[in-house]
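The exercises below ask you to read a protein model step by step. Please look over the sequence and the structure before you turn to the solutions.

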Amino acid sequence: MSGFLKLLLILLTLLVADSATAQGLEALSTAPNAEGGQTYTLSIQVLLFMTALSLLPGALLMMTSFARIVIVLAILRQALGTQNTPSNQILVGLALFLTIFIMMPVFDEVYQVGLKPYLNDQVTAEEALQSATTPVREFMMAQTRETDIELFARIGNFGEFQGPEQVPMSVLLPAFATSELKTGFQIGFLLFLPFLIIDLVVASVLMSMGMMMLSPLIISLPFKIMLFVLIDGWALVFGTLASSFQV
């Protein structure tokens with residue numbers, strides 16, 4: 001168990017113990033298991049689960065495909081020049097459901113190797129957490145650039161890693177987030193280029209006609225929307241995003 005989890009467990013234990021003392025209830029107790037470890041009561045497990053729920057938004061942003069998808073969709077909206085259409089809520093909803101679709105094999109493996117054995121009382125909570133982390137690490141490692149891992153390893157004075165299994169989560173998480181930002185902006189740049197060309201052509205035509213007071217965005221917007229619809233742009237963007245995560 002990492003130092004962070006140990007510290008979190010200590011704080012939660014103190015909170016539950018204080019609550020139990022105030023109410024006169026035996027809410028906290030531990031018992032040795034067959035492997036020499038400790039088994040915690042249901043109150044501790046529920047409290048840990050509720051704490052994990054509060055960390056889900058950060059985990060969604062840092063450990064899944066959500067960041068890359070929402071960045072690409074935001075740049076695409078900017079390239080189209082449609083202001084707030086689609087709205088932020090629609091973009092986040094699209095990014096969320098596409099994230100679930102892309103991450104479903106990882107989530108299914110996490111359930112099979114971690115959550116399901118724990119619910120069937122086949123492994124302890126610590127063993128289940130360790131097993132469930134493996135598929136997520138493999139996904140993150142496959143999408144992370146080696147240069148980003150080396151950057152954060154150098155910042156944290158971790159030295160060189162002999163293999164992917166030696167990379168700690170404290171290095172992998174920021175390296176994965178940085179790689180996702182880079183990839184998202186690269187895809188967004190490629191999407192921006194054709195719409196930029198349309199804006200330049202329309203601006204040049206208006207300048208040659210002496211219509212300098214007319215905003216080129218008003219004229220180019222219908223052409224960009226028509227082009228995007230004719231090429232089935234949404235399907236192409238979603239397909240490209242989904243295929244970009246395949247190893």
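Helices (H or I, at least four residues) and strands (E, at least two) are DSSP runs, numbered from the N terminus. This is a predicted model, in which local features need pLDDT of at least 70 and side-chain atom pairs count only at pLDDT 80 or more, while totals for chains, interfaces and linings use all residues. Residues are numbered from 1 along each chain as its sequence is written, and side-chain values use heavy atoms, with hydrogens and water left out.

**Exercise 1.** State how many helices and strands the protein has, and give their order.

Solution. The protein has 10 helices and 2 strands. Read from the N terminus, the order of the elements is α-β-β-α-α-α-α-α-α-α-α-α.

**Exercise 2.** Describe how helix α4 and helix α9 pack.

Solution. Two packed helices are described by the angle between their axes and the distance between the axes. For α4 (residues 66-80) and α9 (residues 216-230), the angle is about 135 degrees and the axes are 9 Å apart. Angles under 35 degrees count as roughly parallel, over 145 as roughly antiparallel, 65 to 115 as roughly perpendicular and the rest as oblique, and α4 and α9 are therefore oblique to each other. In contact terms (heavy atoms within 4.5 Å), Leu 76, Ala 79 and Leu 80 of α4 meet Leu 221, Lys 224 and Phe 228 of α9.

**Exercise 3.** Find which residues Val 237 touches, leaving out residues up to four places away in sequence.

Solution. Val 237 touches Val 72, Leu 73, Leu 76, Leu 191 and Phe 228, when residues up to four places away in sequence are not counted.

**Exercise 4.** Decide whether Asn 157 and Asp 232 are buried, partly exposed or exposed.

Solution. Buried means under 20% relative accessible area, exposed over 50%, and partly exposed in between (1.4 Å probe, protein chains only). Asn 157, found in the loop between α7 (146-155) and α8, has a relative accessible area of 70% and is exposed. Asp 232, found in the loop between α9 and α10, has a relative accessible area of 49% and is partly exposed. Asn 157 has a positive phi of about 55 degrees although it is not a glycine, and Asp 232 likewise has a positive phi of about 55 degrees without being a glycine.

**Exercise 5.** Locate Pro 86 and describe the peptide bond that joins Thr 85 to Pro 86.

Solution. Pro 86 lies in the loop between α4 and α5. The bond between Thr 85 and Pro 86 is a cis peptide bond, with omega of about -5 degrees.

Conventions. Axes fitted to C-alpha atoms, helices over the stretch in contact; angles between N-to-C directions.
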